[in-house]
Amino acid sequence: MITLTDRGLYCEAGDFFIDPWGPAGCAVITHAHADHARDGSGLYVTSREGAGVLAARLLPGAVIDPLAYGEVRVRKGVRISLHPAGHILGSAQVRVEHQGEVWVVSGDYKVEADATCAAFEPLRCHTFVTESTFGLPVYRWPRQQEVFGEIDAWWRGNQAKGKASVLFAYALGKAQRVLAGLRPDTGPVYLHGAVARMTALYRDAGVPLPPAAWAGTEAEARREDMARALVLAPPSAAGTPWLRRFGNLSTGFASGWMRIRGTRRRQAVDRGFVLSDHADWPGLLSAIRETGAETVWVTHGYRAPLVRWLTEQGLRARAVDARFEGETAESAPEEAAP
Amino acid sequence: MRAFAELYAALDATNKTSEKVEALAGYFRHAPPRDAAWAVYFLTGRRLKRLLESAKLWQWATEESGLPAWLVGECYDAVGDTAETIALLLPEGAGGAEGSLSEWVETRLLPLRDLGDAERRQILLDAWRRMDHRQRFVWNKLITGAFRVGVSQNLVTRAIAEVSGVEENAIAHRLMGDWEPTEEFAARLLSRDTRDAGVSRPYPFCLAHPYEGDLAELGPPAGWLIEWKWDGIRCQLIRRGWQTFLWSRGEELITERFPEIAGLGGLLGEGTVIDGEVTAWRGGAPLPFAQLQRRIGRKTLSARILAEAPAALIAYDLLECEGRDVRERPLEWRRARLAELVERVAAPERLILSPPAPAASWEQAALLRREARARGVEGFMLKRLGSPYRVGRKRGDWWKWKIEPYAVDCVLIYAQRGSGRRASLYTDYTFGVWDGGQLVPFAKAYSGLDDAEIRRVDAFVRRNTLERFGPVRTVKPELVFELAFEGIQESTRHKSGIAVRFPRIARWRTDKKPEEADTLETVRALLGHGPSGPGEP
Ligand SMILES: [Zn+2]
Ligand SMILES: [Zn+2]
């Protein structure tokens, strides 16, 4: 029912692509990260929660058809619906049903709760297309409350030393999740411009977030409280002159890749916080199990090991290429990332 | 064990020296003496050898994880470090690691050497099940013996000096040479009584930074001692308690490898320490470094080797004289005492006073430097007159001013994974030069690229692997690099027939195609400029 073409996953019966790699007629978009949402398609179908963010990331004038989670669109007899993926605001799994056969394309997902987006919804299907960004057993996430506690302790420690705390996090999704997890009474929070833009869209969509000001203006005006502040910035700001305005500072990076010491040290940040918007190894396995799918397509990440593991568990599994890799250990391309 | 794992995490979390020292001092302030002794032992890079074969470690970790071996292998491929992979693979332990570091080391780690496999396995599983992944990582590191945290002996010294209130020099001295991590050692280490130097113990070496600026900024050359920089093994020759010790800079006792130098000990006064360079030497000139290497490489010295590669000590400095530490005396004073001593010993082929280079001006020195290769030296040492003999690598008083390195363009042909921080990247390279239409391996190099370049080469290696032999990948011959090195010699042990010293990547020649790399013939032509052997200046 769905095939892999030179432009990505395509449903011929319904004549639409899911997260196409280039311009297409109809594009169903799992979420607004750049490796999933590309410019140039005629029509974009995406979740209602994610429509605002998607519009902001595409060229002006893109035509977007927003769908409520669970609402069904029928195209040429194919039933399409979107269901929460728990990855970022508006992220969706795409459920496709045709003549009794059900496919689910996960996009990026995590199974852990997230205060800034709807919780991952397990769906039954015949074929499940799963991501595998962290598809190795060494990737196991600590509880997020623990990580937020570590961030807060680091922040307070920096305050005691008179240093600003600059925390790198992907501008769309991760930064807002971190913001929601910060303890507002610890100190003031400032945002890099890229983070501020995305945060405004989250607020527009009704996600409750603690107050945080754009670092561009207020930071300069109120420099005296920088030593108590936490600044959220995209990873691309690391090592740039933009950081100079904060004076003496300590840097941190919130990402699943921080689980590995070598990656953490190569990022040349003072602290790594293991916080990911993707499923860890146990999360991937439980999500796959709950779909009841007999066939699993694996994309985006550690495809080969996960395929071999699933095959050994008696499932039909195959690796599916992804044109645009999302988050990889070595590249931390700012917003384009997760 | 918990406190030590926390110390490791704190050291690992910062690149700033002051914060590392602070973390170390915080640990030493509260650690029981036995723990402190073990911590110093591990932090200064000492290791417990042969506790457990790594195959067993992998086998038991794999069983405990319940995962197939191939998947554990994939994990290792992503992480690149045994101790860390095992720490991350297993679910978080329940209890944490109560008990002191010394208890863990003495009652669990050390016994691993002699116990049967069933008991060893039980010790490991018990530890793994109790620890969280951070503690487990440190524990595994102690077992595999690859405990590195980016802490130099220098930092440990500073932290202990801070905690004990004893000056750094004395602490550094206590940390040198042979010692056992006992409670008594810890007490001695922290003691305020500084009349304790062990009989065999060398002083910390004073090291120099390379000089890259304008020489005129150093002031008139009359304020400096300009010495040749000899290419040998930096050593301290110690005579104390009617015994003789020869220590290398790598803190190895090598007295027995150099009987002719050890023999000098009896000619020195009681309480004498000389800093110098051991070289192979004959007829008033150094022999190529390869000759010296023949002496290091073997356990027993045949009469033939002793005759073919006799060793000498080129004396640079005098650190102890008549049992007194004279490192604080000005350089001229120490040199004068050293000169008297060398003259008294009168063994001109065994103990040589490092000759000053005859340079009255910096211009003249620059001219002389061009002859350095022909003289078999690496360049100059510049030492400020009036300066004390310092501890470690400090800027200002001592500089090394090396000759321009040789440079050759060559092609990347094999790659292997690095270690430590770079364990998951391909960072160890073998380079080839052309010989009749083929690339012959010519040198290995590990350093010289920045992080971004390393990542690009790593990506290239992964995409362009032609063959794998164990950890080594043969890659498509495409990338050209300029290699710099200090010396070049004929070698029968190398395929190319050539061995180079201190090769490193000078730059990535993205502007060059592999065909444009150098040939073995052009490399061999450099041989003529090497040290010219006995009899010549
Ligand atoms: Zn993605
Ligand atoms: Zn994503």
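## Domains, chains and a zinc site

Six residue pairs, both members at pLDDT 80 or more, are in polar contact across the interface of domain 1 of chain A and domain 2 of chain A. A polar contact is a pair of N or O atoms within 3.5 Å; within protein, one must be able to donate a hydrogen and the other to accept it, and residues adjacent in sequence count only if both atoms are side-chain atoms.

The model is predicted: local features need pLDDT of at least 70, side-chain atom pairs count only at pLDDT 80 or more, and totals for chains, interfaces and linings use all residues. Residues are numbered from 1 along each chain as its sequence is written, chains are lettered from A and ligands numbered from 1 in the order in which they are written, and side-chain values use heavy atoms, with hydrogens and water left out.

In chain A, domain 1 comprises 2-138 + 278-330 and domain 2 comprises 144-273; such bounds come from an automatic or database domain assignment. The centres of these two domains, taken over C-alpha atoms, are separated by 29 Å. Chain B is assigned domain 1 (2-144), domain 2 (206-402) and domain 3 (406-529).

The table sets out two interfaces. A salt bridge is a side-chain nitrogen of Lys or Arg within 4 Å of a carboxyl oxygen of Asp or Glu.

Within chain A, the side chains of A:Arg177 and A:Glu112 form a salt bridge at 3.2 Å, N to O. Another salt bridge joins B:Arg134 to A:Glu150, with the closest N and O atoms 3.8 Å apart.

Chain A also holds a metal site. A:Asp35 (OD), A:His36 (NE2), A:Asp108 (OD) and A:His300 (NE2) coordinate the zinc ion (ligand 1) at 2.1 to 2.5 Å. Donors are N, O and S atoms within 2.8 Å of the metal (3.2 Å for Na, K and Ca); water is not among the atoms, so sites may look incomplete. A:Asp108 also bridges the zinc ion (ligand 1) and the zinc ion (ligand 2), which are 3.5 Å apart.
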